[in-house]
Amino acid sequence: MTSVNSNTYTHLSPAERGQIQALSEAGLSMRKIALKLERNASTISRELKRNRTTQLDYQGKYFGAYFADTAQIYYHRRRQACHAKDYCLKAQDFFNQLTLIIKNPFRDDGIDGFIANYKRMYPSCPCPSTPMVYRLIDQGKLAIKNGDLPRKVRLRHSGHHRKRTRQHKKRLGNSIEQRPKAADERSEAGHFEGDLVKGIRRATSSALLTLTDRKTRFEIIIKIPDYKADTCFKAVQKAVNDHPGWFKTITFDNGSEFARVDEVKGVDVYFAHPYTPSERGSNENANGLLREFFPKGKTMAKVTDEYVKRAQNALNNKHRRILGYQTAREVFMAEIA
């Protein structure tokens, strides 16, 4: 007897099922049917057992019979049932909540942060991975579109940054090399980075003064009527006075608008090197996130303090991977307590 075992396995075809029916009706044993079809006998045995249909004979007695067409139908039903369910249906609650968060104009979470928080709050509920959600968005299977993720669109289409050509005046204050070791190691809260977010690049135009804590990424945003040196100095001094104990150091961009901030009392001020935004990386990243609410080229004259506050809260309430998916507000307030 020849062996019909094979290292590869293929499902029975409709034609093979037709042969099984004909040979079975002819009275051949399962082993002989297997030899004729060059299949394993156990394959034929399983096929005849699982795909039999119950029939009623002329005497009113029930018996099992094998029909190729019916067996093929049974086969297709089992194949459909064994496939993983579409995650959009399997995790409807997750996607409903995610859509509400992402569609919110002042959303306080991104996709990755929302997933981590959802897993923490609903550990027994199905929850897809971050790559799967982005894949479903790209495939157009969700109510969320790429246009609802402005940072993703911006990163995808961004080109090289043009080199800045304006000249910086040499700062009279401390250079970044003199900054305390704790600030560089991010070992404690209270070491901030500062810069401006501008709508229209005109010194007399409104702007946002942004201060970002290096360790916790906690954000303070202050709308200023213009970005002259005196205005920036007064805004920084007010922020320090309004929050005693919050500030240990602030590292600023080397722009001329910060020419007077080294006069601020109650905090040590340092300056980054010209054309080196990486020395204020946390603040630069936060400013990029803010562009979702304050697009470039649009005036900030009509932006209200309430709008600024909501944007600030959106950043501070995001669940961040770098913070173990805690929010900047949670971590900062625990640090300064």
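Biologist: Which hand, left or right, does the crossing of α2 and α3 have?

Modeller: This is a predicted model, in which local features need pLDDT of at least 70 and side-chain atom pairs count only at pLDDT 80 or more, while totals for chains, interfaces and linings use all residues. Residues are numbered from 1 along each chain as its sequence is written, and side-chain values use heavy atoms, with hydrogens and water left out. The axes of α2 and helix α3 (residues 41–50) come within 8 Å and cross at roughly 115°, where axes are lines fitted to C-alpha atoms, for helices over the stretch in contact, and angles run from 0 to 180 degrees between N-to-C directions. A crossing is left-handed if the near helix is turned anticlockwise from the far one by less than a right angle, and right-handed if clockwise; that of α2 and α3 is right-handed.

Biologist: Which residues of α3 make the contact with α2?

Modeller: Contact means heavy atoms within 4.5 Å. On the α2 side it is made by Met-30, Arg-31, Ile-33, Ala-34 and Leu-37, and on the α3 side by Ala-41, Ile-44, Ser-45 and Leu-48.

Biologist: How many helices and how many strands does the chain hold?

Modeller: Both are DSSP runs numbered from the N terminus, helices being H or I with at least four residues and strands E with at least two. By that count, the secondary structure of the chain comes to 14 helices and 10 strands.

Biologist: What share of the chain is buried?

Modeller: Buried means under 20% relative accessible area, exposed over 50% and partly exposed in between, with a 1.4 Å probe and protein chains only. Among contacts with a separation of 6 or more, 60% join residues 24 or more positions apart. Of the 337 residues of the chain, the share that counts as buried is 42%.

Biologist: Where does α1 come to lie relative to α2, and which residues of α2 does it meet?

Modeller: The axes of helix α1 (residues 14–25) and helix α2 (residues 30–37) come within 10 Å and cross at roughly 140°. That angle makes the two helices oblique, because angles under 35 degrees count as roughly parallel, over 145 as roughly antiparallel, 65 to 115 as roughly perpendicular and the rest as oblique. The crossing of α1 and α2 is right-handed. Glu-16, Gln-19, Ile-20, Leu-23 and Ser-24 in α1 meet, in α2, the residues Ile-33, Lys-36 and Leu-37.

Biologist: Against which elements do the buried residues of α7 pack?

Modeller: Helix α7 (residues 111–121) is mostly covered, with 8 of its 11 residues buried. These are Ile-111, Asp-112, Gly-113, Phe-114, Ile-115, Ala-116, Asn-117 and Tyr-118. The elements they pack against are α6 (92–103), α8 (130–138) and β9 (319–320).

Biologist: Which residues of α7 make the contact with α6?

Modeller: α6 and α7 pack at an angle of about 135°, with their axes 11 Å apart. That makes α6 oblique to α7, and their crossing is right-handed. The contact is made by Asp-93, Phe-94, Gln-97, Leu-98, Ile-101 and Ile-102 of α6 and, in α7, by Ile-111, Phe-114, Ile-115 and Tyr-118.

Biologist: Against which helices do the buried residues of α8 pack?

Modeller: In α8, Thr-130, Val-133, Leu-136 and Ile-137 are buried. They cover an arc of only 125° around the axis, which puts them on the same side of α8, the arc being that of the directions from the helix axis to the C-beta atoms. The helices against which the buried residues of α8 pack are α5 (87–90), α6 and α7.

Biologist: Is Arg-217 buried or exposed?

Modeller: Most residues other than glycine have a negative phi. Arg-217, in the loop between β5 (207–213) and β6 (219–224), has a positive phi near 65°. At 16% relative accessibility, Arg-217 counts as buried.

Biologist: What is the phi of Arg-186?

Modeller: Arg-186 is found in the loop between α10 (181–185) and β4 (191–198), and at 26% relative accessibility it counts as partly exposed. Although Arg-186 is not a glycine, its phi is positive, at about 55°.

Biologist: Which residues are in contact with Ala-235, leaving aside its neighbours within four places in sequence?

Modeller: Ala-235 lies in helix α11 (residues 229–242) and, at 11% relative accessibility, counts as buried. Ala-235 and Leu-209 are 26 residues apart in sequence and 7.9 Å apart in space, C-alpha to C-alpha. With those neighbours left aside, the residues in contact with Ala-235 are Leu-209, Ile-222 and Ile-224.
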